[in-house]
Amino acid sequence: MKGTIAICLQDLVKTKFGEDNWETILVKSGLPKDLVIYAHHDIEDDVIMKVINSTCEVLNITLQQAADAFGEYWMNNYAPKKYFAFFTGDKTAKEFLLNMDKLHAKLTDKIENAKPPKFTYDDIDKNTLIMTYISSRNLEPIWIGLIKGVGKYFKENINIEKLSENKVKITFG
Ligand code: HEM
């Protein structure tokens, strides 16, 4: 997966939990404590998973808590700065989520080896969306954490009901 995901996690841990914890997480994952990550370089998926698991152990939080913190930070701190062009058009959380399939396809179009997640939708009504997540990586907790982050970014109350492993019903407002 692209290094940008790991850079976001690194920024989040360093700012909210301190540099020492980030170093401990890297060492626990079998990586050098002064590792430099490049946004466009590939990091093997199992290395990223090791880092995420070590984050949970070191910070003593569950995978969903880590994923929620990641989703909130990605949507409210990291991506608006790094990918500001994608934050101009959509006015609501629902519009933004409906754009995520196209955004991931477009963003990774020119990046070699990128395997973006795919999303399909059932647009039920103004306040209800069914969203399905399709990826060989099965990072459902991160997907859910990101949906919550979208709600926070647009300052909307959203409710997420799991319909199956990779399908949720999202209610807005
Ligand atoms: C402007 C906002 C966003 C940008 C710029 C963005 C960009 C990216 C990029 C570059 C990757 C790595 C892809 C790869 O290495 O193959 C990624 C992965 C991912 N994104 Fe986003 N993303 C955004 C918002 C979201 C949102 C809101 C969701 C969920 C609703 C989401 C779900 C995911 C998931 C689950 C992955 C992990 C890869 C996988 O599951 O296969 N992203 N994203």
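I take contact to mean heavy atoms within 4.5 Å. The model I am looking at is predicted.

**Isoleucine 43**

I looked up isoleucine 43 and set aside its neighbours within four places in sequence; the residues in contact with isoleucine 43 are then Met1, Gly3, Ala6, Ile37 and Ile48. I placed isoleucine 43 in the loop that runs between helix H2 (19-28) and helix H3 (45-59).

**Nonpolar core**

I then turned to the largest nonpolar core, which has 45 residues. Which members touch the most others? I noted Leu9, Trp22, Trp74, Leu97, Met131, Trp143 and Ile170. Helix H4 (residues 63-82) gives the most to this core, namely seven residues. Domain 1 (3-61) and domain 2 (91-172) each supply at least three residues to this core.

I followed up leucine 97 by itself. Not counting residues up to four places away in sequence, leucine 97 touches Tyr121, Leu129, Met131, Ile147, Val150, Ile170 and Phe172.

**Ligand**

I listed 28 residues around the ligand, and Lys2, His104, Tyr133, Ser135 and Arg137 come nearest. I looked up polar distances for three of these residues, in each case to an oxygen atom of the ligand. For tyrosine 133 I read 2.4 Å, from a polar side-chain atom. For serine 135 I read 2.6 Å, from a side-chain N or O atom. For lysine 2 the atom is a polar backbone one, at 2.8 Å.

Technical notes:
Residues are numbered from 1 along each chain as its sequence is written. This is a predicted model: local features need pLDDT of at least 70, side-chain atom pairs count only at pLDDT 80 or more; totals for chains, interfaces and linings use all residues. Side-chain values use heavy atoms; hydrogens and water are left out. Helices (H or I, at least four residues) and strands (E, at least two) are DSSP runs, numbered from the N terminus. A nonpolar core is a set of buried Ala, Val, Leu, Ile, Met, Phe, Trp, Tyr and Cys residues joined through side-chain atoms within 4.5 Å. Buried means under 20% relative accessible area, exposed over 50%, partly exposed in between (1.4 Å probe, protein chains only). Domain bounds come from an automatic or database domain assignment. A residue is near a molecule or strand if one of its heavy atoms lies within 4 Å of it. A polar contact is a pair of N or O atoms within 3.5 Å; within protein, one must be able to donate a hydrogen and the other to accept it, and residues adjacent in sequence count only if both atoms are side-chain atoms.
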